[in-house]
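Subject: Structure handover, with notes on pockets, cavities and ring pairs

Hello,

The structure is placed below for you to open alongside this message. My notes on it follow.

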Amino acid sequence: MKFTLAESVTRELFPKNKWLIGYILLFFMLWVSTFIGTSDYNNWWIENTLTILSLLFLALTYKKYVFSDLSYLFIFIFLCLHVYGSKYTYAENPLGYWLQDIFNTERNHYDRIVHFGFGFLLTYPFQELFRHWLKLPKTISWMLPIELSISIGALYEIIEWAVADIFFKAQGHAYLGTQGDVWDAQKDIFLAFVGAILATITIRLFKKLN
């Protein structure tokens with residue numbers, strides 16, 4: 001079965017799209033395993049609120065616009081990174097501890113990986129949405145994902161503050177996962193921004209080579 005890109009004219013629709021079925025099955029198996037294996041169910045539900053909203057958006061808009069297989073792959077990878085973080089909390093993620101030992105860093109950087117992944121992995125789907133769904137000019141479609149990486153990143157940090165300091169104070173420390181870094185929010189936003197820029201450059205280079 002053909003693997004579609006943003007420029008592909010046709011789309012194989014669900015349930016005939018084996019790529020999409022594979023993404024969905026693998027994601028839900030991982031998602032369920034993170035719930036079963038989590039050590040903090042309250043934090044899991046808080047972390048996964050945005051996951052649920054994202055999945056609802058994709059499902060409710062599917063009849064209006066179907067993303068390419070490549071965009072769904074990037075979305076799938078990002079959501080897997082996020083829900084895997086929710087299993088242990090970002091600050092206590094085993095992969096982050098392993099990388100901490102390998103690179104001899106002072107903190108668990110798993111949260112940094114996910115924030116970078118937000119910018120790097122979702123730039124392509126955002127570009128496809130703006131260019132091929134909303135029919136925005138090409139230049140705007142290229143620039144908006146970079147700007148969104150900053151604005152959504154900042155909004156997420158505000159949501160984190162509200163959740164931790166206003167609505168769920170008992171879960172605040174686990175949810176924020178700042179690990180004593182007073183510049184944690186700024187660094188997270190910056191990494192998403194860098195990820196979006198690198199993704200944009202990579203996509204442009206790929207298009208020129210093809």
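Helix 1 provides the largest share of the lining of the second largest pocket, 5 residues. Helices (H or I, at least four residues) are DSSP runs numbered from the N terminus, as are strands (E, at least two). A pocket is an open set of points on a 1 Å grid over the protein atoms alone, with protein on both sides within 12 Å along at least five of seven lines; a cavity is a set where a 1.4 Å probe fits but cannot get out, and lining residues have an atom within 4 Å of a point. The volume of the second largest pocket is about 370 Å³, where a volume is the space filled by probe spheres set on the points, and grid points are joined across faces, edges and corners. Its lining has 14 residues, and Leu20, Ile24, Leu55, Leu58 and Tyr72 are the closest to the centre. Two or more lining residues come from each of helix 1, helix 3 and helix 4. By class, the lining of this pocket has 14 nonpolar, no polar and no charged residues (nonpolar: Ala, Val, Leu, Ile, Met, Phe, Trp, Tyr, Cys and Pro; charged: Asp, Glu, Lys and Arg; polar: the others, Gly among them).

Please note that this is a predicted model: local features need pLDDT of at least 70 and side-chain atom pairs count only at pLDDT 80 or more, while totals for chains, interfaces and linings use all residues. Residues are numbered from 1 along each chain as its sequence is written, and side-chain values use heavy atoms, with hydrogens and water left out.

The largest pocket has a volume of about 790 Å³. Of its 27 lining residues, Ser54, Phe78, Phe118, Leu122 and Ile152 lie nearest the centre. Helix 6 gives the most to this lining, 7 residues; helix 3 (49-60), helix 4, helix 7 and helix 9 (184-209) are among the elements that each supply at least two. The lining divides into 21 nonpolar, 5 polar and 1 charged residues.

There are also 2 cavities of 30 Å³ or more. The second largest cavity holds about 30 Å³ of space. Phe118 and Leu122 are among the residues that line this cavity, as are Pro145, Leu148 and Ala196. Helix 6 (110-133) and helix 7 (138-167) each supply at least two of its lining residues, with the largest share, 5 residues, from helix 6. This lining has 6 nonpolar, 3 polar and no charged residues.

On to the rings. The whole structure contains 21 aromatic pairs (rings of Phe, Tyr and Trp, its six-membered ring, with centres within 6.5 Å; planes under 30 degrees apart are stacked, over 60 edge-to-face, the rest tilted). Tyr23 and Phe76 are stacked, because their ring centres are 5.5 Å apart and their planes are at 20 degrees. Tyr23 is in helix 1 (residues 18-37) and Phe76 in helix 4 (residues 69-88), so this pair ties together parts 53 residues apart in sequence. Tyr23 is buried at 9% relative accessible area, and Phe76 is buried at 16% (buried is under 20%, exposed over 50%, partly exposed in between; 1.4 Å probe, protein chains only).

Phe74 and Tyr124 make an edge-to-face pair, 5.8 Å centre to centre with 75 degrees between the planes. Phe74 is partly exposed at 21%, whereas Tyr124 is buried at 8%.

Regards
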